[in-house]
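Me: Please pick one part of this model and go through it with me at close range. I'd like one connected answer, with the cut-offs spelled out as you go.

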Amino acid sequence: MKSDTPTTVSLSVSGLRCDGCAAGLTKTLAALPGVRRAEVSYAQALATLELDSDGPSAAELVQQIRDAGYEAHHVAAETTAAPVQTLTLPVAGMSCEGCAAGLQKQLQAGEGVLSAEVSFALSQARIRFDPQRTDRGALQALIQAAGYTSAGETQQLTLPVEGMTCAGCAAAVEKALLAVPGVRAVDVNPALGSAMVEFDAGQSDVPALREAVRSAGYESPLPDLTLAIGGMTCANCAAAVEKALRAVLGVSHAEVNPALEQARVRGTELETAALVKAVEQAGFTASPAQPDTAPPGATPWWKRDSLQLVAAIALSLPMLAEMILMWFGAAPFLPPLLSWLLATPVQFWIGLRFYKGALRALRNRVGNMDVLVALGTSAAYFLSVVLLLSGHSTHLYFESAAVVITLVMFGKWMEGRARQSASAAVRELLSLRPQTATLLRDGREQLVPVAQLRVGDQVRIRPGERVAVDGRITEGESELDESLLTGESLPVLRGVGDPVTGGAVNGDGLLTVEVRATGADTTLSRVIAIVEQAQSGKAPIQRLVDRVAAVFVPLVLGIATLTFIGWLLAGGSVTQALLAAVSVLVIACPCALGLATPTALVAGTGVAARAGILIKDIATLEQAHGVQEVIFDKTGTLTRGRPGMTLCEPLAPLTAEQALRLAASLQQGSEHPLAQAVLRAAQSQSLRLGELTAFRNQRGAGVTGCVDGQPVALGNRVLMSQLGIAVDKVAARLDALEAQGQTAVTLALSGQAVAVLAFGDSLRDGAREAVMRLQSAGMRVGILSGDAAPVVAAVAAHLGVDHWQAQLLPEDKAAAVTRLRDAGRCVAMVGDGVNDAPALAAADVGIAMGSGTDVAIETAGVTLLRPEPRLVPAAFSVAGATRRKIRQNLFWAFVYNLVALPLAAAGLLSPAVAGAAMAMSSVSVVSNALLLKRWSIGDSLKG
């Protein structure tokens, strides 16, 4: 019988290259029998596992990690720097061990609780929990709900500490923390970059502990924060928000995206309240962006204030009609007093937002669109008031002020709608997240929030429901619609043992799914994070635009002043000079400049995500434009990666059945596609496999181990050479099979070659078309593979690829990519496996196939959500299209101002026409970006 209380084991792991390595190892460990939960941290080089009483030992876990290609050793439990807290709460009212067991069970079922141990003898409960999902008060409420009481608290917290290099550093951090009031114990681990602190929460808190670490000369960083920003109207507003955020203590970097109305802040000791206060003091609004809801801007001002826009149009329409008729020679028909009455609410009620924005900008010593509109319309309005009160009933300009405000508002309304459309991709992905799931526990169904699910739980997916988590089917068969997530238009059939992805829509079947990942670890969450990261970034050219926008408004004010003076010196009237200056103020707006890049970026990455192409950042877009060489891995990338065993040919006296049994028994420890082919062949013959020990994966060469105590090896000639095993007896057969395009390997028993196994793999649909499209775009295509030369040569010949290399180890692939880059080539690498990760990282642009491992996906700058080779040229196509839109937008934004400003200064544009032109400039930029939504995978590559 399993214990309700899991055992926590921590293992130090070395050899992790990236977060993808950690994610892949997490899945491997979580799949082991007896493992309740597994978490591997790349940053901390640490694996933390919760085990059942009959779970694997620490030694067995170490061996599993070594088999996965890493090194590990057992360390003290609970030294992880993850944001997990531990509370030891006294519990009064328990009368027996049964009370303790019942309370323990109730605590373990609580929201955010990772584990709980209740001791009747000690009258206490020790609880490990996620502080982002629950807190001390909620845990005490759980104890009270169970009929017991709890008071007082000893809190245990593990802080990440950056900058430690030796034991002396650890001693300094420990000394600083022990000096904090209420701290009872400190355990600092410099190797893991962490400090475990036990303290009295009544005397100290987390900010005090972090300040102590910082006072000792080290940092205890918190994650990046994303804020929803309200009140921005142009690029200069975004610059003001960035300036305010960077002034907050601990902020090292702040980026504001006006298209998404978001700010991403990075640094140490980030306090949300301080950041929000800084933004509010700058005159804007801010709140933490909610990851489980629609992104900020889902209900923007352009939607909330539609009533004001309608009122502005209604009040301005009579004056606009009069102005148009006067252009055709008609006489004014509105009484001057009525024009004043119509214009006043437009100016000071509907236009109040511009006055507020202008004051906010001036208070922050920046210029923005609001300053220009407020100055220009106020000049026209008050000039008309002065003329009217002086007895002039003609040549009034109330209509200019009112129409300008109305047109600017209308332009911002259209712009807002367009921006909302551009950022729809993230909202569509967010809509795929179910909020609840049907949990199977003790044979009963229970509807629970998705956040309460744990790895290993069983959930029921009914027909038509969305899959709530990433998992593996344990019962049932059905077709799943993954179109919104991967771009695949047709449903895919899934059965027992197949993986399912959160967000997919179940077809007609009833499924039972074992949870393999929840929350931020799910594919959908990672996809959303990648899209948001890309959309919130800034292109290098945008940083130049930001600098131009910062001086744009002061420059326009100077031009308006010179225009006014110039007209007076040229003999014009004060009215003519003022109207020309107003036209200059109104027509010049930094909005188009500020929106040119982010709207194109949001639209481009959004349409790419819908097609199943994830572009991680703006740097990848820039690099993709210049790619000259595209290198493909073969197995799993150009081929299906699911080869079948075509031959098992033994040497006497071994029989084919014996050889297959040995090979399959050895491959029990491998996840390689060839291993799966051997196991499928053995399963089809109902062979009983032997006991496998001492298994070891030789990357890029094969596997070794002991089957029933006998040393067995299976691999290519490289492995046989490394082991000193002669292949003379099978060399001719290997050559013949490889000449046929098959993958041939040798099986060795006790140091002697005893059989030859051959495997065939078919090309993926569209592989040849993908290569042809890349070549037609002027890119040279190559293949790097660990397979034998004849096999690679056959695939290359079929695809029309002239440049290929075979029998490469992972480091050889990376070296080949590096040589191409050193020769001045811009290189993209396409792969899907762990052995491709070094080459993906070495390339200018890494592209990971969606069928691949997490390490490949995390290393790459572009991820293809389905294993479709045609997505490779499509990725270059959408990257190029996005880049072209950015440059088109910037070109027209600059040209517009270069042409319009002189016309306005020359008096050739009235304020009303200038206002309409200014409004339409921003709309045109955003609308041009939205044309990217018409892009499709079928589009041909263009320069």
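Reply: Start with helix α23 (residues 656-666) and helix α24 (residues 673-684), whose axes come within 9 Å and cross at roughly 130°. This is a predicted model, where local features need pLDDT of at least 70 and side-chain atom pairs count only at pLDDT 80 or more, while totals for chains, interfaces and linings use all residues. Residues are numbered from 1 along each chain as its sequence is written, and side-chain values use heavy atoms, leaving out hydrogens and water.

A word on the terms: helices are DSSP runs of H or I with at least four residues, strands are runs of E with at least two, and both are numbered from the N terminus. Axes are lines fitted to C-alpha atoms, for helices over the stretch in contact, and the angles run from 0 to 180 degrees between N-to-C directions.

So how do the two lie? α23 and α24 are oblique to each other; that word covers whatever is left once under 35 degrees is called roughly parallel, over 145 roughly antiparallel and 65 to 115 roughly perpendicular. Their crossing is left-handed, which is to say the near helix is turned anticlockwise from the far one by less than a right angle (clockwise would be right-handed).

Now the side chains. From α23, Leu660, Ala663 and Ala664 meet Val678, Leu679, Ala681 and Ala682 of α24, contact being heavy atoms within 4.5 Å. By class, that makes seven nonpolar residues, no polar and no charged ones. Here Ala, Val, Leu, Ile, Met, Phe, Trp, Tyr, Cys and Pro count as nonpolar, Asp, Glu, Lys and Arg as charged, and the others, Gly among them, as polar.

The peptide bond from Ala652 to Pro653 is cis, with omega near 10°.

Though not a glycine, Ala694 has a positive phi of about 55°. Is Ala694 buried or exposed? Exposed, because its relative accessible area is 55%; buried is under 20%, exposed over 50% and partly exposed in between, with a 1.4 Å probe and protein chains only.
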